[in-house]
Amino acid sequence: MAETLRISQGEAGGVTIAISGPLDLETAPGVWDQAVRAATTATKELVLDLTGLGVCDGVGVGLLAELDRSAPGQTRLDGGSDELHELLKMARLEKGQDTRAPSVGFFSSVGQATAALLATIHALISFTGDVTAAIIPAIRTLNGTRLREILRNCVRVGADAVPVVSFLGLLIGYILSVQATKALETVGTTSLVPMVVGFSTFREFGALIAAIILAGRSGSAFAAELGTMKVTEEMDAYRTLGLNPIVVLVIPRILAGVIVTPLLTIYSIVLAIVGGSIPLLTKGYSFGAYIDSVFNSVVTADFAQAMVKGLVFGLLVAMLGCFHGMRTGRGADAVGASTTKAVVAGIVAVLIADSIVSTIFYNLGY
Amino acid sequence: MAANGATTPETPIVDVRNLRMAFGPKVVLEDINFKVHKGEIFFIGGNSGCGKSTLFKHIVGLIPPAAGEIYVDGMDAVNFTPKEHQRLLRHVGVSYQGGALFSSMSILENVCMPLREFTDLNAKEREAVGMTKLSLVGLAPAASKLPAEVSGGMLKRAAVARALALDPDLVIFDEPSAGLDPLSSSDLDRLIATLSRLLSTTFIIVSHELRSIFSIADRLLLLDAARKTQVGLGPPKELRESSPDSWVRSFLNPGAAA
């Protein structure tokens, strides 16, 4: 506690608060509420009597400034050093000035979120237009450097993803096979397991595995790279050099996604089929018979479906990664936010596209 | 002599003795000796690559020097336990080149953060103290804004307010003028001089901005990357006029050298 906090109410809204002894981190919190309450009743004049004030640190100055702010009337200082007077003058806010962010109600929050969503959709449409418009210039200006950039991205998106796609493909195939065996055992038709594995990997899981790996590895990497380039103004440097960042940076990444994802899809299908054979080999199936059964159960349309999905998923994930990278704001957390958005948006878009493509193929009779 | 006359040469707030800075086998600086007195505005200057930013990191114990002793307010800044380092850092506020404000927090939250972590003040009290610090640097109207929403000059001032949050005895500034226009830079210089006078806070400023040095520095430590040592220590005008070292005189008077 400060040694003394003496409050005297004068006539007609005048209040005097006399503080003696130290007013600092130790003592100020003990008298804070009492002093502020008294200051708010000073409708005419608040007199801060500082003649007996001892050490006054930043917290003490904070309390004195708060008393000044809280008093509806004028504030007068009695005593205190010239430095303290000057500090309080600098620290003075307009009476009743509230600089805190206004609180946002429920309906305002919903409105703001809707506006932000619409702005994102608008920006995505605009970005799609920019990318489409940049395809021709990108082809026209295709040179060794750009080709190397596309190949570099293909290696990063595709070749570098091979180990994890192999692992995931094998595991998904194995799990599918185990679960199908268990289900079909109950009706005595385990011979249909190769068909289930082949059908589901060709039509669904091959492309999905490739797309999810792409979203987790490359979509996020695209967003982080482009986002960092935006934060460090490299993007502006491209523009001021007369180069369109969409042509130089975005198109090579999207092309890499579109070229590599169908290839990764084929690779993951092969690995899933191999993984699916493991439970059956332990039950005495021969590998040759298993492979025959798998390929007898799928048709060209299934392969076509896998390729269409691979192409569409690759396009969506790469585009959304680049889109969120290009929309990165300022500050350290902006790149992290863009990366997260790129991965989440990529996976959601892949699942939506998957349902649409599957429905189209089904309605076409495949 | 400090501008506010608070200098007491017998109790330096920073005491650096025989400091040697090295990155592996590569020696950057050696034989560095200086004292900073309480209430002083002390500049560390020198040419690019002379190690002045590394020197400030040695002072706050972020990087250990290759050899030598550093005392901050009597505390050993070279050999310390984590607890002792925490105690040392409570006496020091640091303002980095780009402000280094936490981008997910508002300006006010940035200033209140040290108060939240290291004091028992409640939210209302923290906010009042934080607003007072922001008012001192003229940033109260921007309290609720995010760092990304304010200008470079405002970021630097917000960083000063955060560095002052816990009433440190010593505030270290790394290149405060970097990226600022001359007017904003002058405003910042004036702010530092005013705060030094009113709060009796010691400021160590790492900068090679001659205009700032000559307008607010009490003393200057000048480092030379080529000779890998300090080549001048004293009031900047004295160094410019009467340093025995011609490099010092020409560094501080580039127009005449040209």
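Modeller: Let us begin with contact, a term we shall need throughout: two residues are in contact if their C-beta atoms, placed from the backbone, lie within 7 Å. Please keep in mind as well that this is a predicted model.

Colleague: Which residues does Ala134(A) touch, not counting residues up to four places away in sequence?

Modeller: Ala134(A), which has its place in helix α4 (residues 106-140) of chain A, touches Asn244(A), Ile246(A), Val247(A) and Ile251(A) once those sequence neighbours are set aside.

Colleague: Does Ala134(A) count as buried or partly exposed?

Modeller: A residue is buried if 20 or more other C-beta atoms lie within 10 Å of its own, and exposed if 12 or fewer do. Ala134(A) has 19 such neighbours inside 10 Å and so counts as partly exposed. Ala215(A), in helix α7 (residues 193-231) of chain A, has 25 other C-beta atoms within 10 Å and is therefore buried.

Colleague: With which residues is Ala215(A) in contact, leaving aside its neighbours within four places in sequence?

Modeller: Ala215(A) is in contact with Val317(A), Val343(A), Gly346(A), Ile347(A) and Val350(A). As for Val157(A), which is 58 residues from Ala215(A) along the chain, the two C-alpha atoms are separated by 10.0 Å. For chain A as a whole, residues 24 or more positions apart account for 84% of the contacts with a separation of 6 or more.

Colleague: How many helices and strands does the secondary structure of chain A come to, and where is the mean pLDDT lowest among its elements?

Modeller: Chain A comes to 12 helices and 5 strands, and of its 366 residues 39% count as buried. Its pLDDT averages 88, with 96% of the residues scoring at least 70. Among the elements of chain A, the lowest mean, 78, belongs to strand β1 (residues 4-9), and the highest, 94, to helix α11 (residues 300-326).

Colleague: Why is α2(A) largely enclosed by the rest of the structure?

Modeller: Helix α2(A) is largely enclosed because 13 of its 13 residues are buried. This helix, residues 58-70 of chain A, reaches 18 Å from its first C-alpha to its last, close to the 18 Å expected at 1.5 Å a residue.

Colleague: How many residues does the contact between the chains take from chain A and from chain B?

Modeller: The contact takes 26 residues from chain A and 22 residues from chain B. On the side of chain A that touches chain B, the elements giving two or more residues are α1 (28-40), α2, α3 (82-91) and α12 (332-363), and α2(A) gives the most, with 7 residues. By kind, the residues on that side of chain A divide into 13 nonpolar, 5 polar and 8 charged.

Colleague: In what order do the strands of the open sheet in chain B stand?

Modeller: The 4 strands follow the order β2-β1-β4-β5, with antiparallel pairing. Strands β2 (26-37) and β5 (75-76) of chain B stand at the edges, each with a single partner strand, so one side of each is left without a neighbour in the sheet. Within the sheet, 5 bridges join β1 (residues 12-23) to β4 (residues 67-72) of chain B, and Val16(B) has Ile70(B) in β4(B) as its bridge partner. Helix α1 (residues 52-59) of chain B lies across β1, β2 and β4 of chain B, running at about 120 degrees to β1(B).

Technical notes. Residues are numbered from 1 along each chain as its sequence is written. Chains are lettered from A and ligands numbered from 1 in the order in which they are written. This is a predicted model: local features need pLDDT of at least 70, side-chain atom pairs count only at pLDDT 80 or more; totals for chains, interfaces and linings use all residues. The expected span of a helix is 1.5 Å times one less than its number of residues. pLDDT is the predictor's confidence in each residue, from 0 to 100. Two strands pair if DSSP finds at least two bridges between them. Axes are lines fitted to C-alpha atoms, for helices over the stretch in contact, and angles run from 0 to 180 degrees between N-to-C directions. Ala, Val, Leu, Ile, Met, Phe, Trp, Tyr, Cys and Pro count as nonpolar, Asp, Glu, Lys and Arg as charged, and the others, Gly among them, as polar.
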